[in-house]
Amino acid sequence: MSTYTQILYQIVFSTKHRNPTLLEESRDLLFKDIWGILKNKKCHLYCINGVEDHIHIVTHIHPTVAVSSLIKDIKLGSNDYIKKNRIFLDFSGWQEGYGAFTYSIKEKERLIRYVKHQQDHHKRFTYKEELTTLLNEHQVEFNEKYLL
């Protein structure tokens, strides 16, 4: 029998120290690079977006790929891309850690809308507030001191 999966992930991570270095005019270049990394790992990207200090990725992860390995590859690959192409001059790297949350495929359209509208969302909420909400919604235990 073949392997069949449908696991929808929202992956969220921030720039180091939450520095607002992901300037809007160059974000599409970053997002295309990350899409290429996902494609090379046989993952299906549904949506990617972000603001100055963090990004959100909505993807199906291939069953042979570990989430932690994928995120490590995304961070390392995109960090190299950013520095090599000098697209964000003040970028000093990604934060340690990440958030990865699973969703039912029935929630895909709602999740894509949410990620597409990050700029509007962050006019009202900080990254820390957003991350805290996600952690609480998914009943993930966390220590407040690590949310900087």
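User: Quick one to start: is Gln 10 buried or exposed?
Analyst: Gln 10 is buried, at a relative accessible area of 0%. Buried means under 20% relative accessible area, exposed means over 50%, and partly exposed is in between (1.4 Å probe, protein chains only). Before you go on: this is a predicted model, where local features need pLDDT of at least 70, side-chain atom pairs count only at pLDDT 80 or more, and totals for chains, interfaces and linings use all residues. Residues are numbered from 1 along each chain as its sequence is written, and side-chain values use heavy atoms, with hydrogens and water left out.

User: Which strand is Gln 10 in?
Analyst: Gln 10 lies in strand S1. Strands (E, at least two residues) and helices (H or I, at least four) are DSSP runs, numbered from the N terminus.

User: And what is Gln 10 in contact with, leaving aside its neighbours within four places in sequence?
Analyst: The contacts of Gln 10 beyond those neighbours include His 56, Ile 57, Gly 99, Phe 101, Leu 111, Val 115 and Leu 134. Contact means heavy atoms within 4.5 Å.

User: How far is the C-alpha of Gln 10 from that of Tyr 46?
Analyst: Their C-alpha atoms are separated by 9.9 Å, and the two residues are 36 apart along the chain.

User: How many residues of S1 are buried?
Analyst: Seven of the seven, so S1 is largely enclosed by the rest of the structure. Leu 8, Gln 10, Val 12 and Ser 14 point one way. Tyr 9, Ile 11 and Phe 13 point the other way, and all of these are buried.

User: What is the strand order in the sheet?
Analyst: The order is S2-S3-S1-S4, in an open sheet of four strands with antiparallel pairing. S2 and S4 are at the edges with a single partner strand each, so one side of each has no neighbour in the sheet. The twist averages 15° from one strand to the next. Two strands pair if DSSP finds at least two bridges between them.

User: How many bridges join S1 to S3?
Analyst: Seven, with the strands antiparallel. Tyr 9 has Thr 59 in S3 as its bridge partner. S1 also pairs with S4, over five antiparallel bridges.

User: What joins S2 to S3?
Analyst: A hairpin, through two residues. S2 and S3 pair antiparallel over seven bridges. Ile 48 stands opposite Ile 57 in S3, and His 44 stands opposite His 60. S2 is mostly covered, with six of its eight residues buried.

User: Helices now. Where does H1 lie on the sheet?
Analyst: H1 lies across S2 and S3, at about 150° to S2. Helix H5 (residues 127-137) also packs on the sheet. H5 touches S1, S3 and S4, and its direction makes about 145° with that of S1. Axes are lines fitted to C-alpha atoms, for helices over the stretch in contact, and angles run from 0 to 180 degrees between N-to-C directions.

User: At what angle do H1 and H2 cross?
Analyst: Roughly 140°, with the axes of H1 (residues 24-40) and H2 (residues 67-85) coming within 10 Å. The two helices are therefore oblique to each other. Angles under 35 degrees count as roughly parallel, over 145 as roughly antiparallel, 65 to 115 as roughly perpendicular and the rest as oblique.

User: Which residues meet there?
Analyst: From H1, they include Leu 29, Leu 30, Asp 33 and Ile 37. The H2 residues they meet include Leu 70, Asp 73, Gly 77 and Tyr 81.

User: What about H3: which residues are buried?
Analyst: Leu 111, Ile 112 and Val 115, in a helix that spans residues 108-116. Seen down the axis of H3, they fall within an arc of 100°, so they line one face of the helix. That arc is taken over the directions from the helix axis to the C-beta atoms. Their cover includes strands S1, S2, S3 and S4, and helix H4 (118-121).
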